Amino acid sequence: MASHSGLLPEKEQLTFEQAVDKVGFGRFQYKLLFLASACWTVDAMEILMISYISPAARCEWDLTTTEESLITTVLFFGMLLGAWFWGLLSDHYGRRLGFISSNFLLLFGALVSAYSGTYWILLISRVTVGFALPGSTLTMALLVEYLSSKYRVQIILLLQMFWAVGCIIEGFLGWITLSYFGLDWRWLPAVTAIPVLFMCVISLYSPESSRYYLARQDYSRAQALVTRLARENSYEGPEIVLMLEEETEKEESFTMKKIGVFRTLFSRALWRTTLLLWIIWFVAAATYYGVILYASLLEHLHDIRCHSDSEFVNQTLATRDAVLPQCIEVSELHYAGSIISAIGDLPGTVMTYFFIEYFGRRWGMSVLYLAGGFFTILLLPWCSSSWSLTFFLFVVRSFAAASFNSLLVYTPEVFPTSVRTSGMGSSSSFSRFGGMMTSFLVGRMQMPNGELTVLGIYSGMMAFASVCCLLLPYETKGVPLKNSVEEIEMEILQKKDNLELETGSANRELVRK
């Protein structure tokens, strides 16, 4: 009787990283990219919307400058809390659950904003929106886990372009609803909630992370997702079976005791990375959102200083209300400027790719921050043409965006699977501190010598972040993603052993001579 063994499908045992490389980039990743890009676009729209509805709310409710600023501050405060919550939740219960839950909460907050009858209801709705927004980082972590190092940078930076797309879309929506049709400001959050509803629907079809299942030792589900990945990408090679070695199982069982636990971020292998990234994320948010907030104010102060008599200049710079009237209507020029400013993020994305691929992750980020700090100095108060000021603002916005983008590439690469979303979430939380600080810091520009002080602080922070980037212990360019802290610790021990062997060999050579 003839043997039928030759008809059996050939199987190949691979690690998850090898399986992703083997299958390649295809339909599975395209669907994840669509999901993440839609989420990134919606997030940008929700954040930028504040700059359009805050002035209108100030006029309707006769708010003070501080009360108006609080509308933005509570959004970042909510994002601060949400970044920790969603990161910890997804490390314990999976990326998919956190992503779906955050989207439905975002829809709720957006709808409450559209029906805000009082100032306090608007604040509560913005806190809710802010709390839900960090769930978008879960799509970033999920997408990164299904990308090989060959495509990782290109895809993540492509994703960042959709942030600029969201800003541009919201600019047009604000202009159409509030300026062209002259509708009540509540129509803008109502219209913006439509894409959020779309996000809620498509999030139901998002996959779970195979790396999460591996970290949980749920090998059957991890294998099912790898099989789905191969099928959707039309992979025609031998059947892929995830490799399960005894040593790996032992290491992961120890990791299981610490998975999702905050103290893991401060283990021997990660504590320096965690602290430095918190500082860098803080600076990234402060400088990026800072240039958005102070751009129009800086141009206004430039006109006062350079095109008015000295007596008027002293009077306006000495009092806050002289610069900012009680009620400011958002003009069509403001919408146009907002759209043009958002375009500055696009060259920033291109710069990110060049710097972190040419110089490496750490040196690339360092150069971007240093260059951003240098061009910020060029914004210091001196009378020049308005076009030159606009040009330098555009350049600073580009470098600020590039610096932020480089962090979004590096952070999910450097943290292992067991704490990847917690690492992203905690780092993102410190960026919210930067966002809250910058709203109050920009207000100091209206005081005497305020421009010199504030811009000097921003430039100094970027220079400090540049140094912090060089102090990061790990370079991740072209390096496979780690699954556990133990893998990082083993790599450290191997490097230490190799260094001792090289030192010993060198000493023996000296003795012979």
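Start by selecting Glu145 and Arg95: in this predicted model the two form a salt bridge, with their closest N and O atoms 2.8 Å apart. Colour the helices and you'll see where each partner sits. Glu145 belongs to helix 7 (residues 136–145) and Arg95 to helix 5 (residues 95–114), so the pair ties together parts that are 50 residues apart in sequence.

Next stop: Arg397 and Asp345. This is another salt bridge, and its closest N and O atoms are 2.8 Å apart. Here the link runs between distant parts of the chain, with Arg397 in helix 19 (residues 386–414) and Asp345 in helix 17 (residues 345–358), 52 residues apart. Keep the surface on for a moment: Arg397 is buried, and Asp345 is buried as well.

Now pick Glu60 and Arg186. They form a salt bridge too, and the closest N and O atoms lie 2.8 Å apart. Which parts of the chain does this pair tie together? Glu60 is in helix 3 (residues 50–61), while Arg186 is in the loop between helix 8 and helix 9 (187–203), so the bridge connects parts 126 residues apart in sequence. Check the surface around each partner. Glu60 has a relative accessible area of 38%, which makes it partly exposed. Arg186, at 16% relative accessibility, falls under the 20% cut-off and so counts as buried.

As a reminder of what you're looking at, side chains of opposite charge can pair when their charged atoms come close.

For the last stop, hide the side chains and show helix 2 (residues 27–48) together with helix 8 (residues 152–180). How do they pack? Their axes are 7 Å apart and meet at an angle of about 40°, so helix 2 is oblique to helix 8. Then bring the side chains back at the contact between helix 2 and helix 8, and colour them by type. The residues there divide into 16 nonpolar, 5 polar and 2 charged.

How values were computed: Residues numbered from 1 in each chain as written. Predicted model: local features only at pLDDT ≥ 70, side-chain atom pairs only at ≥ 80, totals over all residues. Heavy atoms only, no water. Axes fitted to C-alpha atoms, helices over the stretch in contact; angles between N-to-C directions. Helix = DSSP H or I, 4+ residues; strand = E, 2+ residues; numbered from the N terminus. Parallel < 35°, antiparallel > 145°, perpendicular 65-115°, else oblique. Nonpolar A, V, L, I, M, F, W, Y, C, P; charged D, E, K, R; others polar. Salt bridge = Lys/Arg side-chain N within 4 Å of Asp/Glu carboxyl O. Buried < 20%, exposed > 50% of the residue type's maximum accessible area, 1.4 Å probe, protein only.
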